[in-house]
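Good morning, colleagues. May I ask you to turn to the structure that I am about to display.

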Amino acid sequence: MRNYYERGVKSVNDMSTLRYLLHVSDFHLTEDKATKDHARAALDAVVNKLKTSEIHIDYLVHTGDIIDSSDIYYKIAKENPEFKKYIKADKDENGKRIFVFDNNSFISQATPGEKTEFDKLVKKKMETRFESAVEVLRDFISKLNVAPGNIAICCGNHDVLRPFSININDVRCKKNNDDSWKYTCPKLAEGIFTPFESFLDELNVANSRSRCGATKPVSYCMIGNLSVFILNTNWINHSKQKAGYYCVNCEHANAVLENLNSDKWQHRDTLNIVLAHKPLYEICENPRLPYKRYIETPFMSNSLLSETATSLI
């Protein structure tokens with residue numbers, strides 16, 4: 001937090017000069033009315049608490065898992081007769097009998113054509129859930145009275161497509177002679193973020209392609225006096241990725257991280273923030289190590305949520 005006597009703030013109770021950022025995460029929305037109603041009730045409670053506390057939110061950030069995709073494979077198999085054979089009986093953590101989608105059997109037994117068709121159904125189901133998410137988020141944003149240009153949303157693991165038709169052995173991350181890293185993946189894998197990016201475009205938030213005039217996912221944006229780096233922790237891991245770590249596309253991430261020490265991140269009135277779904281300690285070591293040079297930059301993820309609002313001086 002900056003020296004707020006320099007900024008003319010005499011006390012943290014001087015509400016006229018404080019700015020508030022609300023950090024939310026993991027809504028896990030589906031197309032089901034009950035799920036949407038529950039989310040709306042919870043978000044209304046947040047809005048009412050803020051009003052009672054006389055806090056106006058200036059900035060809103062969401063660190064991913066807008067929708068829930070944990071049951072999508074099972075639902076598609078259940079709704080489509082040709083895929084019902086891949087449903088199997090299992091037990092939950094309490095020993096109760098449940099039915100789940102058998103990923104391993106599908107990967108080993110399904111034909112290339114079946115995998116392609118299944119991937120199309122998964123994308124359609126995710127798009128339906130993102131449509132529901134747009135409804136819920138628009139209502140929440142309206143009640144908070146936050147401008148779309150003051151909102152940044154990063155992708156969570158539930159928000160990304162996981163096509164069965166992609167061979168993980170075709171995804172590679174290789175160290176170059178100059179110690180930089182090169183991430184390569186099949187062209188099909190470049191579309192895994194399409195439903196999420198379309199969701200951002202629909203809301204026209206700060207890091208949407210529509211607002212930034214971009215054709216690819218946006219990794220950096222300015223929101224008022226906030227300089228925001230959106231670190232995508234959902235790239236497909238290559239086959240040799242160390243267990244427990246998540247790929248962020250080292251080549252791209254390191255290029256942006258180098259700018260953390262450049263002039264545009266050093267303006268006196270700018271607060272630098274890194275948004276990611278996964279916490280720093282779960283990110284691939286290649287970009288995590290250079291990030292430590294700039295550890296003073298706030299790192300916001302789904303494992304580090306503020307209570308209600310963070311005041312920014």
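I shall speak about helix packing, then salt bridges, and finally a few individual residues.

This is a predicted model, in which local features need pLDDT of at least 70, side-chain atom pairs count only at pLDDT 80 or more, and totals for chains, interfaces and linings use all residues. Residues are numbered from 1 along each chain as its sequence is written, and side-chain values use heavy atoms, with hydrogens and water left out.

Let me begin with the helices. Two packed helices are described by the angle between their axes and the distance between the axes. Here helices (H or I, at least four residues) and strands (E, at least two) are DSSP runs, numbered from the N terminus. Axes are lines fitted to C-alpha atoms, for helices over the stretch in contact, and angles run from 0 to 180 degrees between N-to-C directions.

How do α1 and α4 pack? Their axes are 10 Å apart, at an angle of about 15 degrees. That makes α1 roughly parallel to α4; angles under 35 degrees count as roughly parallel, over 145 as roughly antiparallel, 65 to 115 as roughly perpendicular and the rest as oblique. The crossing of α1 and α4 is right-handed, a term used if the near helix is turned clockwise from the far one by less than a right angle, anticlockwise being left-handed. On the α1 side, the contact (heavy atoms within 4.5 Å) involves residues including Lys36, Arg40, Leu43 and Val47, and on the α4 side Glu135, Val136 and Phe140 are among them. By class, this contact of α1 with α4 has seven nonpolar, one polar and seven charged residues. For these classes, Ala, Val, Leu, Ile, Met, Phe, Trp, Tyr, Cys and Pro count as nonpolar, Asp, Glu, Lys and Arg as charged, and the others, Gly among them, as polar.

Next, α4 and helix α5 (residues 194-203) pack with axes 10 Å apart and at an angle of about 25 degrees. The two helices are therefore roughly parallel to each other, and their crossing is right-handed. Phe130, Val134 and Leu137 of α4 are among the residues in contact, as are Phe196, Phe199 and Leu203 of α5. The contact of α4 with α5 divides into eight nonpolar, no polar and four charged residues.

Helix α2 (residues 72-79) meets α4 at an angle of about 115 degrees, again with the axes 10 Å apart. That makes α2 roughly perpendicular to α4, and α2 passes α4 in a right-handed crossing. The residues in contact include Ile72, Lys75, Ile76 and Glu79 of α2, together with Phe118, Leu121, Lys125 and Arg129 of α4. Eight of the residues in the contact of α2 with α4 are nonpolar, none polar and four charged.

I turn now to the salt bridges. The structure holds 14 of them, a salt bridge being a side-chain nitrogen of Lys or Arg within 4 Å of a carboxyl oxygen of Asp or Glu. Glutamate 135 and lysine 36 form one, at 3.8 Å from N to O. Since glutamate 135 lies in helix α4 (residues 112-144) and lysine 36 in helix α1 (residues 33-52), the pair ties together parts that are 99 residues apart in sequence. Glutamate 135 also forms a salt bridge with arginine 40, the closest N and O atoms being 3.8 Å apart. This second pair likewise links α4 and α1, across 95 residues.

Are these side chains buried or exposed? Lysine 36 is buried at 14% relative accessibility, where buried means under 20% relative accessible area, exposed over 50%, and partly exposed in between (1.4 Å probe, protein chains only). Glutamate 135 is partly exposed at 43%, and arginine 40 is partly exposed at 24%.

Elsewhere, aspartate 201 and arginine 209 meet in a salt bridge at 2.7 Å, N to O. Aspartate 201 is partly exposed at 22%, whereas arginine 209 is buried at 18%. There is also a network of salt bridges that links Glu31, Asp32, Asp71, Lys75, Glu79, Lys125 and Arg129.

Finally, some backbone details. Glutamate 54, which is not a glycine, has a positive phi of about 55 degrees; glutamate 54 sits in the loop between α1 and β2 (59-62) and is exposed at 67%. Asparagine 145, also not a glycine, has a positive phi of about 60 degrees. Asparagine 145 belongs to the loop between α4 and β5 (151-153) and is exposed at 59%.
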